[in-house]
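This report goes through two chains in turn and then the places where parts meet. Please keep the sequence and the 3D view at hand while reading.

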Amino acid sequence: MKKRAQSFQLFFLENLAWFLALFFYISFAAVKGGAMFSLEFILFMIHSVVPLGLLVMAETIALLSGNLDLSIAAMAGFVAISSGVILAANRAIPGYVAVLLPIAIGILCGCLNGFLIGPLKFNPFLVTLGTLMIFDGGTFMISKSDVVATVLPDLYLFAGDPYVAIVTFLAILAFFAVLMKYTRFGLHLYYAGGGPVTASMMGINLGRTYFATFALSGLLTGLAALYYTGYIHTAAITLADGSLFPALAGAVIGGVSLSGGRGAVQNAFAGTVLLGVIEAGLSMFAISSEARIVSYGVMVIGAIVVNRVRDDVRDRLLRYAPR
Amino acid sequence: MSASSDRGETPLVEMRNLHKFYERVHALNDVNFKIYPGEAVGLIGENGAGKSTLIKILAGVIRNDKGEIFWKGERVEIPSVDVSRRLGIETVFQEATLIDIFNVGQNIFLGREPTKRLGPIRHVDYRRMNETSAVLLKELRLRVTPDREVRFCSGGERQGIAVSRAMHFKANLVILDEPTRGLSIMGVEQIWKFARKLKEEKIACIFITHQFHDVYPVADRFVMLARGIKVLDKEKKDLSIQDLEAEMLRAYEKAEQLASKSGQR
């Protein structure tokens with residue numbers, strides 16, 4: 001009996017972000033009523049956080065490996081624009097090839113981070129700060145205007161449809177959840193993050209693991225660029241502006257530890273949904289954009305508090321675990 | 001030194017004329033060391049005597065400057081931890097052997113997870129990991145479950161987890177680095193239990209310690225280093241605990257003399 005109560009409490013803690021999202025959603029809806037309960041609204045809410053959700057996954061994987069990726073938002077903009085420019089110059093490229101373009105560019109960008117951090121053992125904070133600026137400036141060098149003026153293939157914009165976007169996103173999420181939990185690579189990524197010295201003594205190659213981590217993070221960022229482009233129907237320079245810190249906040253609220261080795265991609269997505277609910281709520285109440293930036297700051301700090309409390313409670317529960 | 005352990009069989013490991021220098025410090029000075037299959041050796045000496053250096057060479061963490069290493073009679077090089085592990089040497093360093101935030105089962109199989117095929121995909125076999133871990137833990141009479149996070153385990157239990165790893169992967173030699181440091185009397189007794197279990201499994205064992213009282217009951221032989229020189233190598237049957245204390249004092253004086261003669265600081 002006691003064991004059952006304990007495993008329920010642990011379940012609640014692991015999925016805290018989902019419960020918080022539900023709580024905020026119901027409170028907003030209760031105040032605002034009607035429209036917020038409709039299926040369209042829920043779809044819209046989730047659809048709008050899908051691209052950010054991919055960035056959260058990219059950041060989560062980097063954090064789990066004990067690293068940090070500051071470049072994801074800038075990289076997403078760079079990938080979207082460079083793909084857009086290539087597609088504008090080559091109108092003949094069919095849609096099914098076009099969708100692979102941002103993914104490939106994303107992987108390449110990720111490999112750049114991965115090579116510097118993995119085999120060369122450079123500090124991830126400084127490396128990704130550097131690549132952040134490279135991608136940011138590069139975006140403006142590639143495109144003379146804010147928006148790439150071209151007609152993008154229909155297939156390229158598939159993420160504009162809420163159903164298609166959400167279903168494909170859930171498939172990607174499931175793929176990464178399984179990859180992280182059920183493959184040796186995924187486990188080794190966790191081990192490299194949770195105890196790099198021990199992991200490397202036990203034969204796990206840290207350089208290779210970090211390289212692969214950032215390549216995957218780049219892949220997800222490339223996907224985010226594709227989904228952002230679909231969502232706004234065009235490749236714009238500003239499409240992922242300011243999404244680095246929400247991505248970090250989403251991961252942290254979702255229970256991903258900044259010191260590595262702890263957390264899960266599916267819970268990180270719960271953190272993203274929570275952010276989406278709060279954002280939707282704020283816009284429903286017509287909060288000014290300045291106040292919204294402040295509220296994001298409050299959320300980031302709130303995420304740390306939530307994480308701390310969750311870890312403490314979890315420790316207490318596990319320490320006196322019935323044996 | 002006394003050729004105490006000439007058993008007429010091939011040693012599991014033999015290190016001949018080993019030298020290691022750290023800048024001007026002669027950390028190992030012409031050390032000969034061997035251990036036979038299933039034998040338990042207490043490697044004793046003060047801090048800085050060279051015992052860590054010796055086992056780090058065996059574990060593949062550092063390399064010797066001079067000398068030869070033989071594994072089951074064959075000349076080998078141990079350039080990395082990986083090579084050492086592949087030979088069947090399991091080194092249990094105090095801090096770095098387990099990762100705190102993962103559970104016992106994960107730690108036992110760390111880096112060597114069993115997999116299962118599902119169509120074309122190989123996935124980690126958690127069930128086998130947990131079941132095997134539970135059996136191993138039971139054999140060592142440890143009252144922890146495979147799903148318990150290592151950070152909640154006691155010092156003795158942590159050593160036990162590392163020992164069960166060695167047992168499962170059929171190590172030939174286990175090196176325990178200061179296994180009794182910071183342990184209660186009960187913890188020390190637990191270590192003895194592990195040592196007897198390893199003996200049953202014919203796994204050789206080196207205990208590195210400066211608390212020779214803690215390993216006296218389970219060691220077959222004692223090797224002592226002082227200032228990088230091997231000053232004692234004797235079977236326990238020729239050595240009472242009082243003898244050992246006396247020998248230690250004598251050995252230190254000798255090492256001091258030797259060191260000053262060869263111009264060491």
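## Chain A as a whole

Of the 323 residues in chain A, 47% count as buried; a residue is buried if 20 or more other C-beta atoms, placed from the backbone, lie within 10 Å of its own, exposed if 12 or fewer, and partly exposed in between. This is a predicted model, in which local features need pLDDT of at least 70 and side-chain atom pairs count only at pLDDT 80 or more, while totals for chains, interfaces and linings use all residues. Residues are numbered from 1 along each chain as its sequence is written, and chains are lettered from A and ligands numbered from 1 in the order in which they are written.

Chain A contains 14 helices and zero strands. Helices (H or I, at least four residues) and strands (E, at least two) are DSSP runs, numbered from the N terminus. The radius of gyration of chain A is 20 Å, close to the 20 Å that the globule rule gives for 323 residues, so chain A is as compact as a globular protein of that length. This radius is taken over C-alpha atoms, and the rule is 2.2 Å times the number of residues to the power 0.38. Along its principal axes, the C-alpha trace of chain A spans about 65 × 55 × 35 Å.

Two residues are in contact if their C-beta atoms, placed from the backbone, lie within 7 Å. Among the contacts in chain A with a separation of 6 or more, 81% are between residues 24 or more positions apart.

## One residue in chain A

A:Ala73 is part of helix α4 (residues 72-89) of chain A. Is A:Ala73 buried or exposed? A:Ala73 counts as buried because it has 28 C-beta neighbours inside 10 Å.

Leaving out residues up to four places away in sequence, A:Ala73 touches A:Leu55, A:Ala240, A:Asp241, A:Ser243, A:Leu244 and A:Ala247. A:Leu55 is 18 residues from A:Ala73 in sequence, and their C-alpha atoms are 7.5 Å apart.

## The sheet of chain B

Chain B has an open sheet of six strands in the order β6-β9-β10-β3-β11-β12, with mixed pairing. Two strands pair if DSSP finds at least two bridges between them. The edge strands, β6 (89-92) and β12 (229-235) of chain B, each pair on one side only. From one strand to the next, the twist averages 15°.

Strands β3 (residues 40-44) and β10 (residues 204-209) of chain B run parallel and are joined by five bridges. B:Ile44 stands opposite B:Thr209 in β10(B). Helix α5 (residues 155-168) of chain B packs on the sheet and touches β6 and β9 of chain B. The direction of α5 makes about 175° with that of β6(B); axes are lines fitted to C-alpha atoms, for helices over the stretch in contact, and angles run from 0 to 180 degrees between N-to-C directions.

## The domains of chain B

Chain B is assigned domain 1 (1-88 + 172-265) and domain 2 (95-170), with bounds from an automatic or database domain assignment. Their contact takes 15 residues from domain 1 of chain B and twelve residues from domain 2 of chain B. On the domain 1 side, α6(B) gives the most, with seven residues.

## Where the chains meet

The contact between the chains takes 20 residues from chain B and 19 residues from chain A. On the chain B side, α2(B) gives the most, with three residues.
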